[in-house]
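Open the model in your viewer and keep the selection panel at hand.

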Amino acid sequence: MKISTKGRYGLTIMIELAKRHGEGPTSLKTIAAAHDLSEHYLEQLVAPLRNAGLVKSIRGAYGGYILAKEPSEISSGDIIRVLEGPISPVEGIEDEEPAKRELWIRIRDAVKEVLDNTTIEDLAHHTNDGESDAYMFYI
């Protein structure tokens, strides 16, 4: 399963809204500028999120978007399913031989477990805890 830019940028929108939860609406222009993304593309992504009841739009000069629920009530799986569709590592699992079908089901279930148990509140408050993003090699 590969998450496209739709899913990745959708998570970015939702994490930014979670970080600003309770502070009023946030414009997509602000999010786009902060992450060097296309505002137009974010507008295309926020529509399905709004239709799914994950965000609300606020009109007016100081308008923008807010979360429709508490950040702790929205999982990353909710967002990925709205923007990417069903979570499945391969198409046509039912046509596979039993051993491979079992493998694909186990992978799917593991991915679902992680996505459904990681809220946008978790992502918004994530810290690196001193871990380095790069690998250290010694010779």
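Select Tyr-9 first: this residue is partly exposed, with a relative accessible area of 23% (partly exposed lies between buried, under 20%, and exposed, over 50%, with a 1.4 Å probe and protein chains only). The model is predicted, so local features need pLDDT of at least 70 and side-chain atom pairs pLDDT 80 or more, while totals for chains, interfaces and linings use all residues. Residues are numbered from 1 along each chain as its sequence is written, and side-chain values use heavy atoms, without hydrogens and water.

A search of the whole structure finds one aromatic pair, and Tyr-9 with Tyr-41 forms it, edge-to-face, at 5.7 Å centre to centre and 80° between the planes. Rings of Phe, Tyr and Trp (its six-membered ring) pair with centres within 6.5 Å, and planes over 60 degrees apart count as edge-to-face. The pair links helix H1 (residues 5-19), which holds Tyr-9, to helix H3 (residues 39-51), which holds Tyr-41, 32 residues apart. Helices are DSSP runs (H or I) of at least four residues, numbered from the N terminus.

Next, show H3 with helix H4 (residues 76-84): their axes are 10 Å apart, at an angle of about 115°. The two helices are therefore roughly perpendicular (65 to 115 degrees). Now display Leu-45, Pro-48 and Leu-49 of H3 together with Ile-79, Val-82 and Leu-83 of H4, which make the contact (heavy atoms within 4.5 Å).

Definitions and conventions
Rings of Phe, Tyr and Trp (its six-membered ring) pair if their centres lie within 6.5 Å; planes under 30 degrees apart count as stacked, over 60 as edge-to-face and the rest as tilted. Axes are lines fitted to C-alpha atoms, for helices over the stretch in contact, and angles run from 0 to 180 degrees between N-to-C directions. Angles under 35 degrees count as roughly parallel, over 145 as roughly antiparallel, 65 to 115 as roughly perpendicular and the rest as oblique.
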